[in-house]
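Visitor: I am new to this structure and would like to find my way around. Could you show it to me, and may I then ask some questions?

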Amino acid sequence: MMPAIILSDETVAKKKASDYFLEFKDRNGDDAYVVLVELRYYSHRYNRWVVCNVGDVSDGATGAYDIDSFGWLFHDDLCNTGEFESGSKCTNWQASMVVYDILRAEGRYIRAITWKYATFIGGGGKARKNGMFKL
């Protein structure tokens, strides 16, 4: 078994997200992705871990072109669970800021800004149910 891949704002740009997931078509014929190795991202902003476990499934960048990025992968995890790894609740804004931080760290500055607001306005899942800004 492969050890967990530890990521932070300093390391996300040095790795390819696509090395750690498998793309497939779901029942509707849409692109989907399954995580092949445990991925751990440390958010310095929130002093919390976000973990994508082996077997977690993502639909990619909902409503946008799927790029080779860790941003949508960890954002989807927060939206699917509504929690950081510690079990503390995650708000919609926090989930959007995590994707923003990862995209900026990857050098995708314009996409970081546009996706921050697009995910906040149109996404969130369980994180949205926790509240838009505060719990």
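Visitor: Is E38 buried, partly exposed or exposed?
Guide: Let's start with the cut-offs: a residue is buried under 20% relative accessible area, exposed over 50% and partly exposed in between, using a 1.4 Å probe and protein chains only. E38 has a relative accessible area of 24%, so its class is partly exposed.

Visitor: What kind of model is this, and what pLDDT do its local features need?
Guide: Residues are numbered from 1 along each chain as its sequence is written, and side-chain values use heavy atoms, with hydrogens and water left out. This is a predicted model: side-chain atom pairs count only at pLDDT 80 or more, totals for chains, interfaces and linings use all residues, and local features need a pLDDT of at least 70.

Visitor: Which side chain meets that of E38 in a salt bridge?
Guide: As a general point, side chains of opposite charge can pair when their charged atoms come close. A salt bridge here is a side-chain nitrogen of Lys or Arg within 4 Å of a carboxyl oxygen of Asp or Glu. At 22% relative accessible area the partner is partly exposed, and at 2.6 Å, N to O, the side chain meeting E38 is that of R40.

Visitor: K116 has no salt bridge, so how far away is the nearest side chain of opposite charge?
Guide: In judging charge, Lys and Arg count as positive and Asp and Glu as negative, while His and the chain ends are not counted. K116 is buried, and the nearest side chain of opposite charge belongs to D101, at a distance of 7.9 Å.

Visitor: Where does K116 lie?
Guide: Contact means heavy atoms within 4.5 Å; leaving aside neighbours within four places in sequence, K116 is in contact with W93, S96, M97, Y100 and R111. Helices (H or I, at least four residues) and strands (E, at least two) are DSSP runs numbered from the N terminus. K116 lies in helix α3.

Visitor: How far apart are the end C-alpha atoms of α3?
Guide: The expected span of a helix is 1.5 Å times one less than its number of residues. For the 14 residues of α3 that gives 20 Å, and the model agrees, because the end C-alpha atoms are separated by 20 Å.

Visitor: Which helices do the buried residues of α3 pack against?
Guide: The buried residues of α3 are A112, W115, K116, T119 and F120. Together they pack against α1 (71-81), α2 (92-105) and α4 (125-129).

Visitor: With which side chain does that of T119 make a polar contact?
Guide: T119 counts as buried, because its relative accessibility is 15%. Setting aside neighbours within four places in sequence, T119 is in contact with H75, N92, S96, V99 and G124. A polar contact is a pair of N or O atoms within 3.5 Å; within protein, one must be able to donate a hydrogen and the other to accept it, and residues adjacent in sequence count only if both atoms are side-chain atoms. At 2.9 Å, the side chain in polar contact with that of T119 belongs to S96.

Visitor: How many disulfides does the structure hold?
Guide: A disulfide is a pair of cysteine sulfur atoms within 2.5 Å. The sulfur of C79 is 7.3 Å from the closest cysteine sulfur, in C90, which is too far for a bond. C79 is buried at 9% relative accessibility, and C90 is buried at 0%. The number of disulfides is 0.

Visitor: Which residues does F133 touch?
Guide: F133 is found in the segment after α4 and is exposed, with a relative accessible area of 51%. Not counting residues up to four places away in sequence, F133 touches T91, W93 and F120.
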